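Hello,

I am passing on the structure we talked about, shown below. My notes on it follow; please read them next to the coordinates.

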Amino acid sequence: MEWNLVFLAAAFFVGLWSIQGVISVWRVQKILGDCPGGEILWVHPFRVLSIVVGSFFPFKGQIGHYFSRFDQYRSYGSTILSSVVFSGAIPIFWLADAEAIKIVSTERSLFPKDVAAYEALNIYGPSILGTEGSDWKRHRNVAKPAFNEANTSYVWSETVRVLNEWFSHLDTTQAGKSDITINLVKDMTQVTLLVISSAGFGRKVSWSDDLKMDALAGHTMSFRQAVTSAIDNVFVKVLTPSWLYRLSQGVRIPIISKAMRNAQRSFDALRGHMQDVVEHARADHISGISRTDAALLKNLVGANMAELGTLKSLSDDELLSNTFNFLLAGHETSAHTLSYAVTMLALYPEVQAKVYEEAMRLWPDGFPEESSSTTFSQSFLRLTYTTAVFHETLRMFPAIIRLGKPVQRDTTLPGYRFQPATSDKLSTNIQDPQRFTVNIPVGSVVIIDIFGVHRNPIHWGADADSFKPERFIDTDNYRWPRDAFLAFSAGPRSCIGQRFSTVESTCILASLVLKYQILIPDDLKSLPRLEQERILLDTTPQVTLTPNNARVQLKRRA
Ligand code: HEM
Ligand SMILES: *[C@@H]1O[C@H](CO)[C@@H](O)[C@H](O)[C@H]1NC(C)=O
């Protein structure tokens, strides 16, 4: 009897909630006006949950589908689409339009960073990634001078050093065999982590010495292990509501308590390592004798030792949090992009041949053992085709696929309308697109749809779905569309490490091709081309676009 009442009451409230939801969604859909779309979203597209369910929800053919690229824009015949999140009735506008995106990324006060979406990254405190306003400006001012040209040349020479170690490690592993198959994400993660640790934080460790050294210094986990497991656990922590997290620390809850303990253990281990790095730099700062060229660490520690409240100061928490976030942002995106790039080189031998030609012209006597700042300025500029391969990879596989920005007051954005596609045909030319204006009400969220705008044929042409590095090379009568390339975002909140990663990645790609022929692994060689692509480029939605199966066979060139 009582249960019936409870059930009735529950049904009543669920019903009330649904009716309320339906009414507010209906109201919002009227506000969306004549902007094409108007679909309901069950998950906010710029929250962690959207990544967790991303591989299956929203479905293919719905607005917001993780892999829809330009498909929905094509079928609605518009470069701006509207939708509404059911819970909270939040209007969401999807932008795959270079001009609209340029406005959104330039006007920082009208379209600020959606700081709520970045809470997960504040494990150690606030940092450059998750702050806004004057706080963010302070973090950015501290870090910025470390990304000047002199320091970029240091990135180049540190990349050369790490690559030489990787290559000799490969030689040892390969011993006697003519080729070797590598797991790209694993190796690229190690290469890029060693580069950011050293060029950014003065932590020069050799390829295989990491473990030994850490055991000596009394750490529970190696530095590398601590970084990678802390990053994996950011996800675990985010998905656990904070009350459950606190409860699980006091009471034993099966599975959850264990997962939380592991997460905490990784965060603590990494904290220990970061404190070591910071202590070294503090001692240097006090003695005035610097043992490292890593300007980022010097600047962060210098700011931590400056008087609090000044324009360039950081608290202890902020110092640690920036260290963590630079380690994270400074390697994962690059590692995943490089994994896609090397896979594409195996799939497109004619592209690889051009990279080889370019690398041979630069390094006719083989890859240098070490490099200086003068070699950087002479070398990097000559790798234009290799740089184009890196850019084209980022266009097709943007590590960060979308960015949400909350709208602060009523405004408008320009879009294009065109004849909706009638078939499923991919890249076709868009005939006669017409400008139109979309009203964007305060309280909406606009999504910079990086994946979408990167496949927009109005900007990239009818072959927008094909891999063609040449499109990133200017000629006398062609300039590649800068405003339609958003892999590093744009405007004041754009990636501070863009040049860092471009220089590092170009060096890695050119040297790898110089030393090795990159081939499809033996076990996939007999499969049809499309099947090879499907397997090697298989991707899971994570914080950054993640290749599951990227592996290639390396064959040493004679
Ligand atoms: C292929 C490599 C990379 C890609 C695709 C990439 C992409 C991005 C994007 C899209 C943003 C904007 C994020 C947002 O608005 O939430 C961003 C911001 C940022 N990136 Fe990168 N990034 C890369 C490499 C790096 C590297 C190597 C570093 C550091 C050495 C770095 C450090 C940062 C930082 C600190 C920010 C926040 C900047 C701010 O808010 O002021 N990134 N990155
Ligand atoms: C990096 O830039 C700083 C200025 O922030 C400069 O003092 C330092 O010498 C540069 N480091 C290198 C290795 O060139």
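This is a predicted model: local features need pLDDT of at least 70, side-chain atom pairs count only at pLDDT 80 or more; totals for chains, interfaces and linings use all residues.

The iron atom of ligand 1 has one donor from the protein: SG of Cys-495, 2.3 Å away. Cys-495 sits in the loop between α19 (457-460) and α20 (498-515).

Polar contacts to ligand 1 include the following:

- Tyr-118: an N or O atom of its side chain is 2.4 Å from an oxygen atom of ligand 1.
- Arg-493: a polar side-chain atom lies 2.9 Å from an oxygen atom of ligand 1.
- Ala-329: a backbone N or O atom is 3.4 Å from a nitrogen atom of ligand 1.

Ligand 2 has Pro-145, Asn-148, Ala-150, Asn-151, Tyr-154, Asp-293 and Ala-295 around it. An N or O atom in the side chain of Asn-148 is 3.1 Å from an oxygen atom of ligand 2. From Pro-145, a backbone N or O atom lies 3.4 Å from an oxygen atom of ligand 2.

Next, the aromatic rings. The structure holds 27 aromatic pairs. One of them is formed by Phe-167 and Phe-367: the ring centres are 6.0 Å apart and the planes stand at 80°, so the pair counts as edge-to-face, for which the planes must be over 60 degrees apart. Phe-167 belongs to helix α6 (residues 149-174), while Phe-367 is in the loop between α15 (349-362) and α16 (373-379); the pair links distant parts of the chain, 200 residues apart. Phe-167 and Phe-367 are both buried.

Tyr-340 and Phe-397 form a stacked pair, with 4.4 Å from centre to centre and 0° between the planes. Tyr-340 is in helix α14 and Phe-397 in the loop between α17 and β5 (402-406), so this pair ties together parts that lie 57 residues apart in sequence. Tyr-340 counts as buried because its relative accessibility is 1%, and Phe-397 counts as buried because its value is 8%; the cut-off for buried is under 20%.

Ring pairs also join Trp-166, Phe-167, Trp-207, Trp-363, Phe-367 and Tyr-516 into a cluster. The edge-to-face pair described above, Phe-167 and Phe-367, has both of its residues in this cluster.

Two arginines lie over ring faces. Arg-203 is over the face of Phe-223, 4.1 Å from the ring centre. Arg-529 is over the face of Tyr-348, at 4.7 Å from the ring centre.

Last, a residue of helix α1 (residues 2-31): Gln-20. Gln-20 counts as exposed because its relative accessibility is 54%, and the cut-off for exposed is over 50%. The C-alpha atoms of Gln-20 and Ser-87 are separated by 9.8 Å, and the two residues are 67 apart along the chain.

Regards

Conventions. Residues are numbered from 1 along each chain as its sequence is written. Chains are lettered from A and ligands numbered from 1 in the order in which they are written. Side-chain values use heavy atoms; hydrogens and water are left out. Donors are N, O and S atoms within 2.8 Å of the metal (3.2 Å for Na, K and Ca); water is not among the atoms, so sites may look incomplete. Helices (H or I, at least four residues) and strands (E, at least two) are DSSP runs, numbered from the N terminus. A polar contact is a pair of N or O atoms within 3.5 Å; within protein, one must be able to donate a hydrogen and the other to accept it, and residues adjacent in sequence count only if both atoms are side-chain atoms. Rings of Phe, Tyr and Trp (its six-membered ring) pair if their centres lie within 6.5 Å; planes under 30 degrees apart count as stacked, over 60 as edge-to-face and the rest as tilted. Buried means under 20% relative accessible area, exposed over 50%, partly exposed in between (1.4 Å probe, protein chains only). A charge sits over a ring if NZ of Lys or CZ of Arg is within 6 Å of the ring centre and within 35 degrees of the ring normal. A residue is near a molecule or strand if one of its heavy atoms lies within 4 Å of it.
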